[in-house]
2 protein chains.
Amino acid sequence: MHKKLFIPGPVEVKDDVLQKMATPMIGHRTKEASKLQRDISEKLMKLFYTKNQVMLSTTSGTGLMEAAIRSCTRKRAAVFVVGAFGKRWYDMAVANNVPVDKFEVEWGSATTPEMVDEVLSTGKYDLITVTHNETSTGIMNPVGEIGEVVKKYPDVVFCVDTVSSAGGAKIEVDKWGIDVCITSTQKALGLPPGLAICTVSEKALEAAKQVEHRGFYLDLLRLYQYIQKKDHQYPSTPSIPHMYALDYQLDKILEEGLENRFARHKEMADYVRAWAKKYFDLFADERYASNTLTTIKNTRGINVAELNKRLGMRGYMISNGYGNLKEKTFRIAHMADTTLPEVKELLENIEDILEL
Amino acid sequence: MHKKLFIPGPVEVKDDVLQKMATPMIGHRTKEASKLQRDISEKLMKLFYTKNQVMLSTTSGTGLMEAAIRSCTRKRAAVFVVGAFGKRWYDMAVANNVPVDKFEVEWGSATTPEMVDEVLSTGKYDLITVTHNETSTGIMNPVGEIGEVVKKYPDVVFCVDTVSSAGGAKIEVDKWGIDVCITSTQKALGLPPGLAICTVSEKALEAAKQVEHRGFYLDLLRLYQYIQKKDHQYPSTPSIPHMYALDYQLDKILEEGLENRFARHKEMADYVRAWAKKYFDLFADERYASNTLTTIKNTRGINVAELNKRLGMRGYMISNGYGNLKEKTFRIAHMADTTLPEVKELLENIEDILEL
């Protein structure tokens, strides 16, 4: 039996979107491929409220996160960590011999503009990374406010991981001053995994020009130059099935309306949080609670693995806590094309199983 | 109108295989995902005649080529170049500050065991890369014979690009002593692009342990260790649609029988070469002619772009020459699930258009 996914990616993908993955192949050096990829970029520019170039990468989001920190750090990177996926950015820098420091808060807390200002005021850093939505803890950082602070430091390249928020929360790339904004297909965009997306600013590209060894497949500047030269074609053969599905899904997203889509996500988030507070507690600081997933503190000491097993028999799947938070928390994703009635149905099933 | 692809990737993909790309999503941290990925690895071990671990990467073949040369070169790499894709391996090393020299023959010629022996006898190199099947020229290098030479140098990691041959020609990884054998889905395997595959030997892994900065997403050792620890799961969310399609297609390939499949490719290659010699000439040294694509010398001075346009109106697509070979050559791929009758039909259409 198929389990309806309420995990923070891969998410449930609608049948008509899945069907686009089965589109017959075309050559990746054709005008048709250019048009497909140019259309996608233009639609994503709307989603990200940006005039910057949008680029696609046949990798997971991790691939483009590494590309950003390796390609654009000239002096030293400051990585702000609020959970497991923030820490990953630090590990990537270390693995590439990119000078880096990490600034970690207690899990469940947010990165604040004040923290970022304090760190940048040292003058040691020319790139920072912030996680918009931290999948391990359920924190959504105030990236817009952080962006205001970053603007005081014109040399600093501002990289943001929006992997689990893009498509589920408003992300105003140009207004917030984000230089590299990264996401991937399998979260709030409602597609299968296998493709990553970023926006890239002039500032980020200028920074990359000053970095000598940026690698090849994950070199942001090389990717950009190729796209410019070859009308949105990619240096290596990309995942054409994902292109077709993404193009189609973006039409559906724009048809729903971005504001409507974000409001739907907020409505689901509000409902799940109210439910969590009624029966359990929230793990994350509620002032910074995520629009796309909720991490619930297991105050009742329930057996989460067992709950998920029983949900599975009913055709649903949620997530246990991440890493050390396993059994201490559990996570419910409410993103992509999931609706409030579906969320309610899930929660009713949990209540029923736990006899709440 | 859909054009039937006779280009060297992406290839024509059968409808039932495409349909597997539309399989509903599952969590990538489930037992189901482990089983799927383990099954794929075991089937690919048969295809590659190896006991080495098979690993998948959500990238194009380029991604794993870069992973190999960056992860496993301790001292200096020797890159043997017979065309555009060989040269790419050199560019990747340079982009990663990996010490490297390239040994290029005239396009249309092969890399010989003697050349490799001469280069390795200098003692300067601890990794070599060879292109098995060069898509720009139609050369299939004698990798088995080269492997015999490499065995004399126990410190040398032997990396082979089989992107456009795996699934269309016999590649005996263990017998030939290949340490990292790389391919991707969109060529002779008959699947959409978006996933890369490699086999990795103990020797390659030991070499990687001696390399300090191997990066993150494309670190072969990190990938291997994760797979071992997590029963064939991957560090980042992989392209699950490709996994489903690959698993299904591998069953079909093994059902056809590997030897039958290779014989079918050879039969198509023989037919296309005989046709090419009758009306044009071969670009590549025929002693090393490829099983999966033929590069034809445009001895008649036909307008290749125009021919392809007219073929397009009839529902077929071939490839112009690569880079500087454009209009001087053209390429016909005969790989994956293409059959001899389909190849004959294409050639008859070319004869008809050109009034041969």
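Visitor: Arg331(A): buried or exposed?
Guide: Buried means under 20% relative accessible area, exposed over 50%, partly exposed in between (1.4 Å probe, protein chains only). Arg331(A) comes out at 7% relative accessibility, so it counts as buried.

Visitor: Which pLDDT do side-chain atom pairs need to count here?
Guide: Residues are numbered from 1 along each chain as its sequence is written, chains are lettered from A and ligands numbered from 1 in the order they are written, and side-chain values use heavy atoms, with hydrogens and water left out. This is a predicted model: totals for chains, interfaces and linings use all residues, local features need pLDDT of at least 70, and side-chain atom pairs count only at pLDDT 80 or more.

Visitor: Which feature does UniProt place at Arg331(A), and in which strand is Arg331(A) found?
Guide: UniProt positions use the numbering here, feature names are shortened, and annotations may be inferred rather than shown by experiment. The unreviewed entry puts a "binding site" at Arg331(A). Helices (H or I, at least four residues) and strands (E, at least two) are DSSP runs, numbered from the N terminus. Arg331(A) is in residues 329-333 of chain A, which is strand 15.

Visitor: What is Arg331(A) in contact with, leaving aside neighbours within four places in sequence?
Guide: Contact means heavy atoms within 4.5 Å. The partners of Arg331(A) include Phe6(A), Pro8(A), Thr135(A) and Ser136(A). Also among them are Leu293(A), Thr294(A), Thr295(A), Ile318(A), Ser319(A), Asn320(A), Gly321(A) and Tyr322(A).

Visitor: At what angle do the axes of helix 10 and helix 11 of chain A cross?
Guide: Axes are lines fitted to C-alpha atoms, for helices over the stretch in contact, with angles from 0 to 180 degrees between N-to-C directions. For helix 10 (residues 240-256) and helix 11 (residues 258-279) of chain A, the axes come within 5 Å and cross at roughly 85 degrees.

Visitor: And what does that make helix 10 of chain A relative to helix 11 of chain A?
Guide: Angles under 35 degrees count as roughly parallel, over 145 as roughly antiparallel, 65 to 115 as roughly perpendicular and the rest as oblique. So helix 10 of chain A is, relative to helix 11 of chain A, roughly perpendicular.

Visitor: Is Glu106(B) buried or exposed?
Guide: Glu106(B) sits in the loop between strand 4 (100-104) and helix 5 (113-120) of chain B. With 66% relative accessibility, Glu106(B) counts as exposed.
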